[in-house]
Number of protein chains: 2
Amino acid sequence: MSKGIISKDEDYSQWFNDLVIKADLAEHSAVRGCMVIKPYGYSIWEKMQAVLDQMFKDTGHSNAYFPLFIPKSFFSKEASHVDGFAKECAVVTHYRLKNDGNGNIIVDEDAKLEEELIVRPTSETIIWNTYKGWIQSYRDLPLLINQWANVVRWEMRTRLFLRTTEFLWQEGHTAHATAEEAIAETEQMLHVYADFAENWLALPVIKGRKTANERFAGALDTYCIEALMQDGKALQAGTSHFLGQNFAKAFDVKFTSKEGKLDHVWATSWGVSTRLMGALVMAHSDDSGLVLPPKLAPIQVVIVPIFRSDEELAQISAVVDGLSKALKAKNIRVKYDNRDTQRPGFKFAEYELKGIPLRVAIGGRDLANGTAELARRDTKTKETVQQEGLVDHIEQLLEEIQKNIFQKALTFRNENTREANTYDEFKKMLDDTPGFISAHWDGTPETEQRIKEETKATIRCIPLDNKLEDGACILSGKPSTQRVLFARAY
Amino acid sequence: MSKGIISKDEDYSQWFNDLVIKADLAEHSAVRGCMVIKPYGYSIWEKMQAVLDQMFKDTGHSNAYFPLFIPKSFFSKEASHVDGFAKECAVVTHYRLKNDGNGNIIVDEDAKLEEELIVRPTSETIIWNTYKGWIQSYRDLPLLINQWANVVRWEMRTRLFLRTTEFLWQEGHTAHATAEEAIAETEQMLHVYADFAENWLALPVIKGRKTANERFAGALDTYCIEALMQDGKALQAGTSHFLGQNFAKAFDVKFTSKEGKLDHVWATSWGVSTRLMGALVMAHSDDSGLVLPPKLAPIQVVIVPIFRSDEELAQISAVVDGLSKALKAKNIRVKYDNRDTQRPGFKFAEYELKGIPLRVAIGGRDLANGTAELARRDTKTKETVQQEGLVDHIEQLLEEIQKNIFQKALTFRNENTREANTYDEFKKMLDDTPGFISAHWDGTPETEQRIKEETKATIRCIPLDNKLEDGACILSGKPSTQRVLFARAY
């Protein structure tokens, strides 16, 4: 326990909330359900954005920007879409305030909009309305666009990063000449997300398809990456949707093919959000604070001098100066904390809380011996090493830490993925050893719904690499050809 | 005239609108007053963002994110602020839609907010409400934060990029222990903006102070950079505000000084927006299309092959391959357009429209002679040069083009900045030779207002480097100690 953070074994939910706030990632704002992302949290999000943005560009996508507001009537155009989103949205009805004469600021009833505007919960409708003007021929396809934006969904129960009324995200919206191309795009972006999750967030994910019940409102097929948090609950970390021709039909977007035939365009959309910040915290952190994978850590190495006099500090600083320069030359993000207002112990706790992957301490004895003390955040192990060759050693250590954090999460997930063959076994597992449960299901929405109501567990996905296997549904006993992945989820 | 763009001499306003649309920068959306920023336009905005963001970080600022919504009551807390912004804002009153039973989607009156939320027109209020929790002592200061965000101001008359209901911007919000520090910050950020405008946008700007009439609602002092467009109208390209203790008092943000005294915090805010895209277009472009400064051009060099056979194209491509690699090695952004579906003349017009600074054409004769034809977008001059040494030549040319575009705009501004000594002369200048007019003013809001009403000209700024000079106000004849800069403005 550190700085007033409760232990995660005691109260995981409270631990997460404490940690997000104490580590300066985010806090609740004065607006119900909306958060303030603080500078330290935002700097991690910026790193995520930069990496993802480059991945999108490397796969041929361009960024653009579409309006925050969506005319209410647009929602009615795609039937299942309105059901999915209309229930939880911010509605703009007026465009002016006025003084009521008694010093109160009130809504000016004379400034009522003819048609209400919805603050976008997602942008398919406004974007496909725009694409109508951009697409006439096969030569205009594929259209590969991404948007970085804020969106609003009026959530009743909110949690920092995981479920907030406003959140930041990216939403890709692509248009294609054939279903095959659109499906290939949907799958490609799922792989991009999985690559990002595993190689940057150090978060092992299961790639799979959602069942019909859990599909995006308006999609024919929803792909997802699912991760397991340290409390054994699952978290959906990204989705990629094959939208078929639904939005093209709703907004009348047609193209002339090479052969001169007129047809509706095929669509995809895909997104990840600031929810990934929540996943990052929940997957790796401990009771001392954040554990950040080095590739996303704003500061990768912090150097703390241990000194008894200004003279000693000056001597240490001379050594650190050379070390810092050599680290920076290798693009390693290093900070030297030579404040004399705080003791080393205070600094150590602070950088543990903030999840800095590697701490280097140099004191008087190190000066004499040509050594330094290294402390890893992930394993909390320390070693005293020679200053000679230190830069290369640090570089290797950062790589090792990145791998170790991933491996630890992978081991945890493997240990907490179990097969259940009866409904009793299934329910007992959910309560006693939470995690992913691989079980047979008869393929019907009704069974899925009943399991959800009775156990709060949902089908997270049908894994892409699933092996076929004859079995009987845990609830109905009806025949099944494959297991699906259940869990209680965020 | 190109691709249906009207000549700017014929109708400057229409020329601007045509150009923004035809060059694929932006277009009007289905939502009144809101624009769609298209991929090509957005890629220029992204370059601006990246440069500015680095400049902010180099001056010690961090990014963060605050809510889109502001509780209505927050606006009432700073008296002049509410007057400035309450009249033009989007008001969220409900949080749910529902089906009325007849298949219509309507606002659910049961989901009315207790307190209306305003879509942020600017974020001083929500941010200072947050800062209250972040600032207790002088050790928490200065607090140097920037936010990249969308904002909404309900404008009655809108124009692409220049004045839109929703726009993208950055807003810096800093907190300081003393007035001096806050003023120094205000001035520093003005200089950052001027540096960016001149060295990246190639846009010469006048740094100055706004008069009381033109100040930001809630500021004690507003600094600005003002630029002159090709039609002789001025455009405010960025502002930096010294807010005194107004917002700290409104939101009760106090700090304990080193000496243990409790005092309100001093504030600044500063911003530039997608309006800069409008300035970029209006300042440099011509009847053939955009003219982009090389430092902000997404594509700096386009290479077009002129070929009569596949064999010839292959030979040209071999040469281009080496050239492209060498240019990329120098971080020059190059595109090779080897499409065989479009003729060279079509491509030339397209890249002129898009403002690509330099075009390289290589044909059969060039292969034989070891030459290439270079065409500059800014001067529309062509030269045939040896392929040997071409990379260095291109690198130098891009620098020269950047300088030339700035110099051309500077010469234009100098030629269109005039002194007026009588009101008649002033009014005649406004109509006959629009531009900046330097004239004496008696310093009163009343005179300024009357001039504005009678001539539509406003005081753009009191230049920072103004020389003192005795004179008589052009309207009132009262004594004045310095000239101020008037113009009709966007």
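Reply: Start with a pair of strands in chain A. β5(A) and β8(A), residues 112-119, run antiparallel and share 3 bridges. Within this pair, A:Val92 stands opposite A:Leu117. Keep in mind that this is a predicted model.

Me: What makes β5(A) and β8(A) a pair?

Reply: The bridge count. Two strands pair if DSSP finds at least two bridges between them. β5(A) and β8(A) have 3 bridges.

Me: Which strand of chain B pairs with β5 of chain A, and in what sense?

Reply: Strand β5 of chain B, residues 91-94, in the antiparallel sense, over 3 bridges. A:His94 has B:Val91 as its bridge partner. A:Val91 stands opposite B:His94.

Me: Why are the two copies described as related by a two-fold axis?

Reply: Look at the rotation. Turning by 180°, with 0.0 Å of shift along the axis, superposes chain A on chain B, and the RMSD is 0.0 Å. The two copies are therefore related as by a two-fold rotation axis. In chain A, A:Val92 comes closest to that axis, with its C-alpha at 2.1 Å.

Me: How do you know that the copies meet through the same surface?

Reply: Compare the interface residues. Of those in chain A, 100% are also interface residues in chain B, so the copies meet through the same surface. The contact involves 50 residues of chain A and 50 residues of chain B. The chain A side has 32 nonpolar, 10 polar and 8 charged residues.

Me: Which residues touch the most other members of the largest nonpolar core?

Reply: A:Cys89, B:Cys89 and B:Ala227, in a core of 297 residues. B:Cys89 has contacts in both chains, among them A:Tyr95, A:Arg96, A:Leu97, B:Ile118 and B:Trp154. B:Ala227 has B:Leu235 in β13(B) as its bridge partner. The strands here are β12(B), residues 221-228, and β13(B), residues 234-244, which pair antiparallel over 8 bridges.

Me: Why is A:Gly355 called buried?

Reply: Count its neighbours. A residue is buried if 20 or more other C-beta atoms lie within 10 Å of its own. A:Gly355 has 28, so it counts as buried. This residue lies in the loop between α10 and β19 of chain A. Its contacts, leaving out residues up to four places away in sequence, include A:Ala23, A:Leu290 and A:Arg377.

Me: How many residues lie between A:Gly355 and A:Ser285 in sequence, and how far apart are they in space?

Reply: They are 70 residues apart in sequence and 8.0 Å apart in space, C-alpha to C-alpha. A:Ser285 is also one of the residues that A:Gly355 touches.

Me: What makes the length of helix α2 in chain B agree with its residue count?

Reply: Helix α2 of chain B, residues 39-58, has 20 residues, and at 1.5 Å a residue they should span 28 Å. The end C-alpha atoms are 28 Å apart, so the two agree. Buried residues in α2(B) include B:Gly41, B:Trp45, B:Leu52 and B:Phe56. Just after α2(B), B:Gly60 takes a positive phi of about 90°.

Me: Why are β3 and β22 of chain B said to stand at the edges?

Reply: First, the sheet. In chain B, 11 strands form an open sheet in the order β3-β9-β10-β16-β13-β12-β11-β24-β27-β23-β22, with mixed pairing. β3 and β22 each have a single partner strand, so one side of each is left without a neighbour in the sheet. For β22(B), one pairing is with β23(B), in the parallel sense over 3 bridges. There, B:Arg418 has B:Ile437 as its bridge partner.

Me: What joins β11 to β12 in chain A?

Reply: 4 bridges, between strands that run antiparallel. β11(A) covers residues 206-209 and β12(A) covers residues 221-228. A:Lys207 stands opposite A:Ile225 in β12(A).

Note on methods:
Residues numbered from 1 in each chain as written. Chains lettered and ligands numbered in written order. Predicted model: local features only at pLDDT ≥ 70, side-chain atom pairs only at ≥ 80, totals over all residues. Helix = DSSP H or I, 4+ residues; strand = E, 2+ residues; numbered from the N terminus. Buried ≥ 20, exposed ≤ 12 C-beta atoms within 10 Å, placed from the backbone. Contact = placed C-beta atoms within 7 Å. Least-squares fit on C-alpha atoms with pLDDT ≥ 70 in both. Core = buried A, V, L, I, M, F, W, Y, C linked by C-beta atoms within 7 Å. Expected span 1.5 Å × (residues − 1). Nonpolar A, V, L, I, M, F, W, Y, C, P; charged D, E, K, R; others polar.
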